[in-house]
Amino acid sequence: MAAYAGVDIGATNIRAVIGDESAHELGSDTRATPRGPNGIAVTEAILDSLRAACDNADVSPSSVVAAGIGSIGPLDLAEGVVENPANLPDTIDRIPLTGPVGNLIDSDRVFLHNDTNAGVIGELRFIELPAWRKCKDGVKKDWDALVLKEMKDAARVLKTGFFGILLLSWVPRR
C-alpha cells in the first residue's frame, strides 16, 4: 500500500498527516511550531512530526512515496524553502523543506506550495463544491458566503481539516 504525506506549517502548529491512495487518513501528528532560534529548528520539528505521523500510521517514512507541504511565504520554490516567513519571528530566516523531507521519505516527489493555494487545489480535486455548479451560468451575489460555508463543511468532513485537504492534493488520480 502506497502512503502519502501532507504537512501544514502554521504560525502556531505544524500538522502532519499520512494517508493512502484512497485519501484515507492513516496517522497524524500536531505539535507547536518552534519560535526559534532559527529555521533549522522548524525543519527539525517538521521532520519529527512526519516521523510521529508515520509511527501513528504504522508505516516507515521510506514507504511514503510523495509529500505535499503548505506554508505561508515567501517561498523559494526552486530551492524548496520558506524565506523569512511572515508569520514567524525574524530570527527564523530560512526554513529548508523539500530537501530534508525528501531525504526522510527517500523520494524526490516533495512539493511545496503556498498553503492557501494547496487548500484550493485539494478542495477542487477531492470535494464536490455545488457552488461551482450553481455559479457556472451566472454570477451569484452570495458566492463568497456560499464557498466559505461549503469549505467549512468540507473541513468538518475531513478529520484533519485544512491540512487534510492539503494531503489530498498530492494523491494521484485514478
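Student: Through how many residues does a hairpin join strand 1 to strand 2?
Tutor: The hairpin that links strand 1 to strand 2 goes through 3 residues. Keep in mind that this is a predicted model.

Student: Okay, and which way do strand 1 and strand 2 run?
Tutor: They are antiparallel, with 7 bridges joining strand 1 to strand 2, residues 13-20.

Student: In which sense does strand 1 pair with strand 4?
Tutor: Strand 1 and strand 4, residues 64-71, pair in the parallel sense, over 7 bridges. Here D8 sits opposite G70 of strand 4.

Student: Why is strand 1 described as largely enclosed?
Tutor: Because 7 of the 7 residues of strand 1, residues 3-9, are buried, the rest of the structure largely encloses it. Buried here means under 20% relative accessible area.

Student: Which residues of strand 1 point which way?
Tutor: A3, A5, V7 and I9 point one way, while Y4, G6 and D8 point the other way, and all are buried.

Student: Switching topic: how many helices and strands does the protein have?
Tutor: There are 6 helices and 8 strands. Starting at the N terminus, the order is β-β-β-α-β-β-β-β-α-β-α-α-α-α.

Student: And what share of the protein's residues count as buried?
Tutor: Of its 174 residues, 47% are buried. As for the surface, the accessible area is about 8900 Å², and carbon and sulfur atoms hold 52% of that.

Methods
Residues numbered from 1 in each chain as written. Predicted model: local features only at pLDDT ≥ 70, side-chain atom pairs only at ≥ 80, totals over all residues. Heavy atoms only, no water. Buried < 20%, exposed > 50% of the residue type's maximum accessible area, 1.4 Å probe, protein only. Helix = DSSP H or I, 4+ residues; strand = E, 2+ residues; numbered from the N terminus. Pairing = 2+ DSSP bridges. Areas by Shrake-Rupley, 256 points an atom, 1.4 Å probe, with all protein chains shown as cover.
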